[in-house]
Amino acid sequence: MREEVALYAAVAAGGFRRYATYGTATAAGVFTNTVFGFIVAFTYIALWEQRPGLGGYDQAQALTFVWVSQSLLAAGALIGGGFQEELQERVRTGDIAVDLYRPADLQMWWLAADLGRAAFQLLGRGLVPLAAGALVFRLALPSDPSRWLLFLVSVTLGLVVGFALRYLLGLLAFWLLDGSGINLMATVVSIFFSGMLLPLTVFPGAFGEFVRALPWAAMLQVPLDVLLGEHAGAGDAAGALAFQAGWVLVLLGAGRLLQSAATRKVVVQGG
């Protein structure tokens with residue numbers, strides 16, 4: 001058990017170091033996130049001036065939603081930049097056979113690597129845009145350390161949910177010749193249903209309840225609501241984290257089943 005933990009910790013550290021080498025790309029990403037954050041922030045200001053309290057947020061909370069979303073965008077690979085393209089390419093070229101021969105679980109290996117990537121993106125591309133937003137706008141950032149701790153737990157669960165969804169996409173390459181189409185569709189779905197375009201609380205009625213029950217809500221909407229105090233009570237916070245943990249178990253389990261089927265397919269094909 002200790003050896004396995006050490007192995008996956010080393011894989012995560014390798015993922016962190018790998019993305020840390022791309023200094024120019026990181027700087028460009030920080031600039032892009034910051035500029036885009038200002039564009040969205042001023043759009044939100046105009047919208048909330050016309051519709052005060054939209055989605056249950058005041059203007060400061062809405063602006064906090066914008067800037068924290070920008071800080072999580074790269075870490076959560078909400079518009080691409082995750083690992084699934086690499087996994088799909090390794091399946092296409094046959095290099096996946098090397099991965100299957102490793103003395104490590106395929107799903108856990110990719111999860112550790114992706115968490116390492118996400119940790120770097122959170123630090124490297126997340127802090128500067130949030131600081132820029134806080135300097136220019138009045139944000140509703142909490143002062144309670146326990147709220148920040150719950151937020152970090154929620155972010156971690158959201159990252160695992162995002163990984164689990166993208167792992168399913170990666171495994172589909174065992175059956176599809178080209179994953180670019182499903183990757184594009186997945187990006188569109190992620191943008192809309194995670195809350196990155198607009199907070200999911202602005203959608204009314206049954207449709208709003210439906211989108212907030214989907215796994216994409218666990219990637220962004222739930223962590224933001226935890227930070228903003230929408231789940232301030234102990235019971236509410238526990239319920240929000242349980243919602244995320246439930247999707248983690250469901251999606252990782254689905255990935256395990258699909259991985260098993262994909263492995264059998266490789267054997268049948270002679271891989």
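**Ser-71 and the overall fold**

A polar atom of the Ser-71 side chain lies 2.6 Å from the backbone oxygen of Val-68. The model is predicted. Ser-71 belongs to helix α3, which spans residues 59-73. The relative accessible area of Ser-71 is 7%; a residue under 20% counts as buried, so Ser-71 is buried. Beyond its neighbours within four places in sequence, Ser-71 is in contact with Leu-122, Gly-126 and Leu-130.

From the N terminus on, the order of elements is α-α-α-α-α-α-α-α-α-α-α-α. The radius of gyration is 19 Å, close to the 18 Å that the globule rule gives for 271 residues, so the protein is as compact as a globular protein of that length. Along the principal axes, the C-alpha atoms fill a box of roughly 60 × 45 × 40 Å.

Of the 271 residues, 45% are buried, Ser-71 among them. Contacts between residues at least 6 apart in sequence were examined by separation. Of these, 79% join residues at least 24 apart.

The surface was described by area and charge. The protein exposes about 13100 Å². Carbon and sulfur atoms supply 69% of that area. There are 16 positive and 17 negative side chains. The centres of the two sets lie 4 Å apart.

Notes:
Residues are numbered from 1 along each chain as its sequence is written. This is a predicted model: local features need pLDDT of at least 70, side-chain atom pairs count only at pLDDT 80 or more; totals for chains, interfaces and linings use all residues. Side-chain values use heavy atoms; hydrogens and water are left out. Helices (H or I, at least four residues) and strands (E, at least two) are DSSP runs, numbered from the N terminus. The radius of gyration is taken over C-alpha atoms; the globule rule is 2.2 Å times the number of residues to the power 0.38. Buried means under 20% relative accessible area, exposed over 50%, partly exposed in between (1.4 Å probe, protein chains only). Contact means heavy atoms within 4.5 Å. Accessible areas come from the Shrake-Rupley method with a 1.4 Å probe; for residues, only the protein chains shown count as cover. Lys and Arg count as positive and Asp and Glu as negative; His and the chain ends are not counted. The place of a charge is taken as NZ of Lys, CZ of Arg, CG of Asp or CD of Glu. A polar contact is a pair of N or O atoms within 3.5 Å; within protein, one must be able to donate a hydrogen and the other to accept it, and residues adjacent in sequence count only if both atoms are side-chain atoms.
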